[in-house]
Amino acid sequence: MRLILLGPPGAGKGTQAVRIAQRFGIPQLSTGDMLRAAVAAGSELGNRVKDTMARGDLVPDDVVVGVVAERLEADDARNGFILDGFPRTTPQAEALDRVFAERGLQLDAVLEIRVDEGALVDRIVKRAKEAAQRGEAARADDNPEVLRSRLEAYREQTAPLVEYYGRKGLLRSVDGLQPIDAVSERLADAIGRPRHATD
Ligand code: AMP
């Protein structure tokens with residue numbers, strides 16, 4: 001099962017990606033997690049992307065495409081994966097198409113968690129407050145100004161992918177404002193739906 005999960009910041013993408021990964025026995029490949037790990041490790045890659053991430057902007061396409069192409073070669077990704085947070089731009093989606101074509105792979109579905117922007121801001125503010133109550137540091141990019149940049153990046157650079165994958169007949173959209181468990185069920189249904197009735 002080879003899946004992509006699309007959705008704006010705060011839509012619950014990470015939570016749902018983990019659940020899908022468990023349910024279908026595939027790894028969750030989150031570019032945000034990979035890049036944060038690189039920043040935490042102080043690697044060359046981490047130092048290159050740190051400031052961009054802190055602003056809530058997207059890191060350059062070639063950087064993230066390189067990270068993903070390499071990660072897809074790992075043994076655990078051989079039989080499938082769910083990409084969480086990638087692709088985020090049309091050039092990234094095109095690069096991923098080339099990687100798939102070169103390796104003779106096919107995407108099974110692109111899942112979109114749909115949530116409107118007003119609801120997202122409320123959710124992220126809540127998430128930051130809850131983290132603070134647990135005594136955890138909020139994510140560096142969980143503040144209103146950075147959130148605005150991240151939403152803008154989504155609207156301008158990532159949202160066009162909904163159409164991109166729609167044209168390919170791969171898109172499955174789910175209402176992200178339902179309770180978490182309901183969203184999980186809808187996503188599982190969407191994944192189970194065959195691409196063509198005759199497949
Ligand atoms: P996320 O946890 O998916 O929201 O990602 C956190 C940050 O990592 C984003 O705000 C971007 O700065 C960077 N990032 C993650 N994935 C990508 C991607 N596919 N393209 C560009 N930047 C990314």
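1. Composition of the ligand shell. In this predicted model, the shell around the ligand is made up, by class, of six nonpolar, four polar and five charged residues. In total 15 residues surround the ligand, and the closest of them are Thr31, Asp57, Gly85, Gln92 and Arg150. Among the elements of secondary structure, helix α2, which spans residues 31-41, gives the most to this shell, with four residues.

2. Thr31. This residue, which is one of the closest to the ligand, is found in helix α2. Thr31 has a relative accessible area of 4% and is therefore buried, the cut-off for that class being under 20%. When neighbours within four places in sequence are left aside, the residues in contact with Thr31 are Val64, Val68, Asp84, Gly85, Phe86 and Arg88; of these, Gly85 is also listed among the residues closest to the ligand.

3. The two faces of helix α3. Within helix α3, which runs over residues 44-55, the residues Gly46, Val49, Thr52 and Met53 are buried. These four residues lie on the same side of α3, because the arc that they cover around the axis is only 140 degrees. The face turned away from that buried side carries Glu44, Asn47, Arg48 and Asp51, which are exposed. The cover over the buried residues of α3 includes helix α2 and helix α4 (61-71). Just after α3, Gly56 adopts a positive phi of about 85 degrees.

4. Val18. A further point concerns Val18, which lies in helix α1, residues 13-24. Its relative accessibility is 36%, so Val18 counts as partly exposed. From C-alpha to C-alpha, Val18 and Asp181 are 13 Å apart in space, while 163 residues separate the two in sequence.

Terms used:
Residues numbered from 1 in each chain as written. Predicted model: local features only at pLDDT ≥ 70, side-chain atom pairs only at ≥ 80, totals over all residues. Heavy atoms only, no water. Near = heavy atom within 4 Å. Nonpolar A, V, L, I, M, F, W, Y, C, P; charged D, E, K, R; others polar. Buried < 20%, exposed > 50% of the residue type's maximum accessible area, 1.4 Å probe, protein only. Arc of directions from axis to C-beta. Contact = heavy atoms within 4.5 Å.
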